[in-house]
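Me: I am new to this structure and would like to learn how to read it. Could you walk me through a few features, one at a time?

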Amino acid sequence: ITMVRTAIDNYQQDFKRLPPETMAGFAGTQWAGLAVSENTTNECCECLLVALRHPDLRTPLTELPGASPFGNTDNDIWNKVPNGSDKVDAMEILDAWGNPIVYITKNHYEQPVQIVLANGTILDVHAVKKPTGVYYNQDSFQLISLGADGKQDEEGNHNDDFYNFTLDEE
């Protein structure tokens, strides 16, 4: 989570915006028209990896130490690969349990993100709220690892999920 958060922070400094979490966010770039052949599960995760592997970044994710946990849990394939510079698989950044690390920006906190876990289970993941009802990192983004059980912890009961923010103890 820390490595991915750092890469997102670098991306934001370099491009003055957060990485896109939908394929439409690549309009006007070499990835314009990006789509997958099968479905839109893991879209936020796949788009994040595309953005963070961008060669113009000061520190592309692929050059960071330990940056090898990539996978394709929903078996998507990109319709387009510019300059043949990347694999055709629509890959995600995986956590220690082989599940996609979920990326949600402030613009999409109200909508669940649909992902496919390593075991093939389709799951809706929601942005996490504080006990007061306000979203954590309400002006930015959330990274969520579902932990060893592969389930999103329920509100107020965060046992094994990992985040790019610290939970309030209230």
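Me: How many aromatic pairs does the count come to?

Reply: A pair of aromatic rings is described by the distance of the centres and the angle of the planes. Rings of Phe, Tyr and Trp (its six-membered ring) pair if their centres lie within 6.5 Å; planes under 30 degrees apart are stacked, over 60 edge-to-face, and the rest tilted. By this rule there are six aromatic pairs. One of them is the tilted pair of Tyr103 and Phe141, with 6.1 Å from centre to centre and 55 degrees between the planes. Tyr103 sits in strand E3 (residues 102-105) and Phe141 in strand E6 (residues 141-145), 38 residues apart, so this pair links distant parts of the chain. Strands (E, at least two residues) and helices (H or I, at least four) are DSSP runs, numbered from the N terminus.

Before we go on, a word on the source: this is a predicted model, where local features need pLDDT of at least 70 and side-chain atom pairs count only at pLDDT 80 or more, while totals for chains, interfaces and linings use all residues. Residues are numbered from 1 along each chain as its sequence is written, and side-chain values use heavy atoms, with hydrogens and water left out.

Me: Are Tyr103 and Phe141 buried or exposed?

Reply: Buried means under 20% relative accessible area, exposed over 50%, and partly exposed in between (1.4 Å probe, protein chains only). Tyr103 and Phe141 are both buried. Another pair, Tyr163 with Phe165, is stacked, at 4.8 Å centre to centre and 20 degrees between the planes.

Me: Which helices and strands does the protein chain have, and in what order do they run?

Reply: There are two helices and seven strands, and from the N terminus on they run α-α-β-β-β-β-β-β-β. Of the 170 residues in the chain, 46% are buried.

Me: How many residues of H2 are buried?

Reply: H2 is mostly covered, with ten of its ten residues buried. Among them are Glu43, Cys44, Cys45 and Cys47. The buried residues of H2 pack against helix H1 (2-15), strand E1 (70-71), strand E2 (92-93), E3, E4 and E6; contact here means heavy atoms within 4.5 Å.

Me: What volume does the largest pocket have, and which residues are closest to its centre?

Reply: Rolling a probe the size of a water molecule over the atoms shows where empty space is left. On a 1 Å grid over the protein atoms alone, a pocket is an open set of points where a 1.4 Å probe fits, with protein on both sides within 12 Å along at least five of seven lines; lining residues have an atom within 4 Å of a point. A volume is the space filled by probe spheres set on the points, which are joined across faces, edges and corners. The largest pocket holds about 210 Å³. Ten residues line this pocket, and the closest to its centre are Thr22, Glu43, Pro112, Val113 and Gln114. Helix H2 (43-52) and strand E4 (113-116) each supply at least two residues of this lining.

Me: What is the volume of the second largest pocket?

Reply: Its volume is about 170 Å³. Residues lining the second largest pocket include Arg17, Thr22, Lys106 and Asn107.

Me: Where does Asn107 lie?

Reply: Asn107 is in the loop between E3 and E4. Asn107 counts as exposed because its relative accessible area is 59%.
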